[in-house]
Number of protein chains: 2
Amino acid sequence: MQDACEAREVLGIVGDKWALLVVRMLKDGPRRFTELKRSIDGISQRMLTATLRDLERDGIVIRTVVEVMPPHVSYELTTMGRTLREATAPLLEWSIEHLPHIATARAEYDDR
Amino acid sequence: MQDACEAREVLGIVGDKWALLVVRMLKDGPRRFTELKRSIDGISQRMLTATLRDLERDGIVIRTVVEVMPPHVSYELTTMGRTLREATAPLLEWSIEHLPHIATARAEYDDR
DNA sequence: CAGAATCCAAATTGATACTG
DNA sequence: CAGTATCAATTTGGATTCTG
């Protein structure tokens, strides 16, 4: 299993509780910190900050300070970030297709 | 963002630290508990048990007690489990392709 | 607005020992 | 072999307060 190492590394990125949610929010272009905060239900500003910094560190998002009045901070996907987003698309489709089935399986399992 | 809910649910499955690693180990057919334990480096037997139970509960793996001597327990992917495995394949390819780039980005970031 | 810093509660996890 | 049970340690995360 020579690629087990790769699999684990990528899990450090996508396995993060919020990372893929943030990537998804950025798929249609740049978003501001507050926009992200508002649109990702339940995320604290602490976690959003941490998630964004990790993604920035990994070269998946770019952080830009926009010097208008009032100034704000904009985040957008890098080229690599967009390829990541594309690579996760099948997973989202899978979830939309199978989640009902999973709910059923789970309910049956819990009945026993 | 009407599918945010789906995205979050699926993260509850794939976002698990070990789940995808287990699914990957099962891609070529059934494996026994101990085989999985050995081949997934660093997993404790506690975590393997918990991960397998979650996957079983969600209808992604099947647990079978094999009544030979000595008896053992076999795990294999369900049909749905195999579709999940296929849906995660692009992500693995992505990781193999981009991980070096991520390492670079990370190193540069940390230098500052 | 976009964070940083601090504090604290809760959830995860590993190590270990035990069992049918 | 394939777990379960328990405990301790670490991590994680939320709430809150403060700042350029």
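Modeller: What follows sets each label against its rule.

Modeller: This is a predicted model, in which local features need pLDDT of at least 70, side-chain atom pairs count only at pLDDT 80 or more, and totals for chains, interfaces and linings use all residues. Residues are numbered from 1 along each chain as its sequence is written, chains are lettered from A in the order in which they are written, and side-chain values use heavy atoms, with hydrogens and water left out.

Biologist: What makes Asp58(A) and Arg106(B) a salt bridge?

Modeller: The term requires a side-chain nitrogen of Lys or Arg within 4 Å of a carboxyl oxygen of Asp or Glu; the closest N and O atoms of Asp58(A) and Arg106(B) are 2.7 Å apart, so the pair is called a salt bridge. The count between chain A and chain B is four salt bridges.

Biologist: Which residues of chain A lose the most area to chain B?

Modeller: About 4,300 Å² is buried between chain A and chain B, where buried area is the accessible area (1.4 Å probe) that two parts lose on being put together, summed over both. In chain A, Arg57(A), Leu91(A) and Trp94(A) lose the most, together 16% of what that side buries.

Biologist: Why are S2(A) and S3(A) called paired strands?

Modeller: Pairing asks that DSSP find at least two bridges between two strands (E runs of at least two residues); six bridges join S2 (residues 61–66) to S3 (residues 72–77) of chain A, therefore they pair, and they run antiparallel. Val66(A) has His72(A) as its bridge partner, and five residues lie between the two strands of this hairpin.

How values were computed
Helices (H or I, at least four residues) and strands (E, at least two) are DSSP runs, numbered from the N terminus.
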